[in-house]
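I opened a new notebook page for this structure.

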Amino acid sequence: MTSSSCLEAGHSTTPNDPSEATFSGTILLQVNGKAREVRAALDTPLLHVLRNDLELNGPKFGCGLGECAACTIILDGWPARSCVIPINGCMGRNILTLEGLGSRDQPDPIQRAFIAEEAAQCGYCLNGMIMTTKALLGRNAHPSEQEAAEALKYNLCRCGAHVEILRAVMRAASETARSE
């Protein structure tokens, strides 16, 4: 498995070295374009650091196994499941969370598209859907509907809003293409 596919599957590419895992100290992370210092054990899941230490609540705790994608962040341009990636796998890498995309007053084009298409019911999956879409459009600005569906296939939506979500992805791609 390549590093890219490991990240897309939500698996860390950092070897599990028990001697490193027990170390606790100050870790420097690059989150949403800013250097952030946290004090934690190296094997602490990134999701816990983001939510508990940095108060970034976009990524959600869903399954804790990297299966549902509610905790998706973008790590060096690739969607990654933050619940299964230890922070020692993130040092020196760029982490982007939902909070780094846009604001309430100036949402990212993807966020605007999800709003316009009413692509949510309960909203719990939205973080993962939006972050996966952001990574997809970063790699492929003009995906086909099939490519978009393929990119989102591991993101679970228990409410069944998949049709609206896919429309939002295609709207975001179209609007991004128009602004180029």
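Which residues of the largest nonpolar core touch the most other members? I found I110, F114, M129, I130, C157, I165 and V169, in a core of 25 residues. I take a nonpolar core as a set of buried Ala, Val, Leu, Ile, Met, Phe, Trp, Tyr and Cys residues joined through side-chain atoms within 4.5 Å. Helices α4, α5, α6 and α7 each supply at least two residues of this core. Helix α5 gives the most, with seven residues.

Before going on, I noted the ground rules. The model is predicted, and local features need pLDDT of at least 70, side-chain atom pairs count only at pLDDT 80 or more, while totals for chains, interfaces and linings use all residues. Residues are numbered from 1 along each chain as its sequence is written, and side-chain values use heavy atoms, with hydrogens and water left out. Helices (H or I, at least four residues) and strands (E, at least two) are DSSP runs, numbered from the N terminus.

**F114 and T133.** I listed the contacts of F114 (heavy atoms within 4.5 Å). Leaving out residues up to four places away in sequence, F114 touches A119, L126, M129, I130, T133, I165, A168 and V169. T133 sits in helix α5, residues 126-139. Is T133 buried or exposed? T133 is buried, with a relative accessible area of 1%. My cut-offs are under 20% for buried, over 50% for exposed and partly exposed in between, with a 1.4 Å probe and protein chains only.

**Helix α7.** I checked the length of α7, residues 162-179. In α7, I165, L166, A168, V169, A172 and A173 are buried. They cover an arc of only 155° around the axis, so they lie on the same side of α7. That arc is taken from the directions from the helix axis to the C-beta atoms. V163 and R178 are exposed on the other side. The cover over the buried residues includes α4 (109-116), α5 and α6 (145-152).

**Strands.** I turned to β1 (residues 24-31) and β2 (residues 34-41), which pair in the antiparallel sense over eight bridges. Pairing needs at least two DSSP bridges between two strands. L28 has E37 in β2 as its bridge partner. The two strands form a hairpin with two residues between them. In the turn, N32 has a positive phi of about 50°.

Key: Expected span 1.5 Å × (residues − 1).
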